Amino acid sequence: MRKGMIIIKKAYTDPIIIRPGAAADMTDWLASRFGDGAGLVVCDTNTYRHAPPSPDKLVFGSDVTATDIRAGEIATAISERRPAYLVACGAGTVHDLTRYAANEAGLPFISFPTAASVDGFVSNVAAMTVDGRKVTYPSTAPAALFADADIYGAAPAALTASGVGDIVGKYISLFDWKAAHIITGEPIDADIYALEEDAVMRVMESDIKSADYTEKVMECLVMSGMAIQYMGNSRPASGAEHHLSHLWEMHCINPPTDALHGEKVGVSTLLVLEEYKRLAREGIEYRRTGGYFSHSRLNPVFGELTEGIISENTPDPFDGITAGHIAAVQASLVGLIGTLPDTCYIRDYLRSCGAKTTLTEIGLPDTGEFINMSLRYAPYVRRRMTLLKLSAAR
Ligand SMILES: [Zn+2]
């Protein structure tokens, strides 16, 4: 990856304040922006104690998940209490729920992350489970973000380690964006690409033992979210590694696991890195058969979610791609794989941060069969082109 300047564009989310004591900044800002208008703070039983002074709070259980049913509970609270704004006081799930409900109600929301665990705080997509299927909705970005280092810096170490898992996944996300450019001609926004890359390098080049390491992780996660916000979708920050994580969250090939989002992404990044290195050694072919999107292939794995999977992949993401074209660009793809970091380097880095690195550690089967199923079926969960999607199409 390249080192460079951080590109600053006019942000929709403004201000973005990341520092010790940012909670007080938020209280002042809310008063100046909304006056007497009351807000509704969405939190859970773990983050409740960090909630800003406000007459109204909606407190979910600590095991809350981002489903349409839970978002409906926020919608009910909004219609009953008529707040002027929402505050997402928590980590990823609280943000997805708040963002989704704020977008539906046409209300502004403020991001107040309590852990450096995920990059979705300032993004404008909401990852929700609807009718059992994991869907990413275009949604609203927060009006402002206040990340108080005194609060997120004191979060359980496993949450920050999960944030690091989400960050190392960007090696694959950015790789897949370039691979898609080679495969389909999909355009790359150079500024947004550089922003995402700089965010990752800020963390990877800083000292894990330094006092401000967690602050670096939070800054990177927010920068990554801004890359998503500028792009209008998660392309800069989500590739094949996130598709494995989404597949596991759909519980089609595995039982439910309590693992955090970034823990799953950290482990899936290692699996995809290994797979891409193998492709570089053994060759990249496009060998899709007519049955790739057939019910008979998808039904045994996706069951009642099959129709949703087929509609996600419509129009056909492989339109215009030929075996001849892939043969012609194979050398470029192999060269690109050569720019990826070694799997050992990423595994050692994750371990040194206390992050999880094996399927067993995240509660999933550590077998060759499960890994093969994951690599083969994960690309179906999104239409987005990745090298894994191309190589799994057979
Ligand atoms: Zn993520």
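## Confidence

The protein as a whole averages a pLDDT of 93, and 97% of the residues score at least 70.

This is a predicted model, where local features need pLDDT of at least 70 and side-chain atom pairs count only at pLDDT 80 or more, while totals for chains, interfaces and linings use all residues. Residues are numbered from 1 along each chain as its sequence is written.

## The open sheet

Six strands form an open sheet with parallel pairing, in the order β1-β8-β5-β4-β2-β3. Because β1 (16-19) and β3 (56-60) stand at the edges with a single partner strand each, one side of each has no neighbour in the sheet. From one strand to the next, the twist averages 15°.

Helices (H or I, at least four residues) and strands (E, at least two) are DSSP runs, numbered from the N terminus; strands pair if DSSP finds at least two bridges between them. Parallel strands β4 (residues 85-90) and β5 (residues 109-113) are joined by 5 bridges, with Ala 88 opposite Ser 111.

## The hairpin

Strands β6 (residues 125-130) and β7 (residues 133-138) pair in the antiparallel sense over 6 bridges. Met 128 stands opposite Val 135. The hairpin has 2 residues between its strands, and Asp 131 takes a positive phi near 50°.

How values were computed. pLDDT = per-residue confidence, 0-100. Axes fitted to C-alpha atoms, helices over the stretch in contact; angles between N-to-C directions.
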